[in-house]
Amino acid sequence: MEKLILLLLAALSMSFGSEEERGVITISPVSLEKSEKVPNLTIKESIFRFQVKNITDDKKNRVIIYSINGVERKARLIDNEFFDVRTAPGKHKFQFYYDEHYSEIYSDSLLIKGQYRDVYSLYFENLDFPVMIDKPVIYLYPEVDAKVSVQVDVRGNNPFFYPEYNDTWEFTATTQGELKFGNASYNYLFWDAEQFYPLSAEESQNGYICEGENAVAFLEEKLTMAGLTSQEQADFITFWGPRLQHNELNYVHFMFNEECNAFAELTISPKPDHVYRIYMMWSPIESEFIVKEQTILPMDRNGFCVLEWGGQEQPMIQTLEIY
């Protein structure tokens, strides 16, 4: 028996138009699922197969408007789920639109080889119910008190920062982790934004099942493995613990370091010796399913070190049993 994890994420969209009209998604939720050679294609032919996910309306004949390299087309979804685009091999840029309730999707250049069919998933964002990346906070621990600047290149909409942020944070960081802005001091820097990060099929099968009643013990164990201090753990757990504890079961997947660039890139001067980023992606679930436990490597706290943690609650994951 195999279990297929379905991420039931609502999604909304806007029509092709100006950026002011449509609310641009800067990171494309387009995920390559597989690439397969098709014997009946010539070396000059390729097929992009797009599987549309997370649209939750009741339409029986869904139509996607898309453009390939700037040329607009329409496609009726096969089985209300996917459509094919035949094209020449090479690099192609796409844009996708469903209806006014779902955000447009933009792809980077997608490279395809001749005689191949590449299957991609399209995850549409629900603009009525935007998904937030919650409370990314940044701690800084220099070896000596130092003037530091931090820039956050947020991949999302309507970002919020605290303390006040004017294209950068500039402050004095102490060896004890205190961040001094003039007469004010803070324990960490804070930002958040409306962002959408659907877990891929592979990511959805790597992580942990966490019972709500054991949420605190679970987080203490994993954060200790990650090397967070007691104060950092307390900040993390008092934010996320009650939310996990509210559910009977939760699925948890951690993202680390470079993976977190999907949400924002950090530029810090002077350059730290070590930057450790840990984001917890989680969802309530109805029943347990088999997952491969992730390996959690500890942060290196030698020299000038920086820690950032954040996360995102995603809509409920349901599991379907396939025999």
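Strand 2 and strand 11 (residues 116–123) run antiparallel and are joined by seven bridges. The model described here is predicted. Within this pairing, Ser35 has Asp118 of strand 11 as its bridge partner. Strands of a sheet pair through backbone hydrogen bonds, in either a parallel or an antiparallel manner. The two strands belong to an open sheet of four strands, ordered 2-11-3-6, in which the pairing is mixed. Strand 2 (30–37) and strand 6 form the edges of this sheet, each pairing on one side only. From one strand to the next, the twist averages 20°.

The surroundings of Phe171 were listed without residues up to four places away in sequence. On that basis, Phe171 touches Leu140, Ala146, Lys147, Val148, Val150, Leu179, Lys180, Phe181 and Leu189.

Backbone geometry was then considered in the loops. A cis peptide bond, with omega about 0°, joins Tyr162 and Pro163. Pro163 is located in the loop between strand 14 (157–162) and strand 15 (169–173). Another cis peptide bond links Ser269 to Pro270, again with omega about 0°. In this case the proline, Pro270, is found in the loop that connects strand 21 (264–269) and strand 22 (274–284).

Positive phi values were found at Asp79 and Asn80. Asp79 is not a glycine, yet its phi is positive, at about 55°. This residue is placed in the loop between strand 5 (71–76) and strand 6 (82–87). Asp79 has a relative accessible area of 65% and is therefore exposed, the cut-off for this class being over 50%. For Asn80, also a residue other than glycine, phi is near 60°. Asn80 lies in the loop between strand 5 and strand 6.

Note on methods
Residues are numbered from 1 along each chain as its sequence is written. This is a predicted model: local features need pLDDT of at least 70, side-chain atom pairs count only at pLDDT 80 or more; totals for chains, interfaces and linings use all residues. Side-chain values use heavy atoms; hydrogens and water are left out. Buried means under 20% relative accessible area, exposed over 50%, partly exposed in between (1.4 Å probe, protein chains only). Contact means heavy atoms within 4.5 Å. Two strands pair if DSSP finds at least two bridges between them. Axes are lines fitted to C-alpha atoms, for helices over the stretch in contact, and angles run from 0 to 180 degrees between N-to-C directions.
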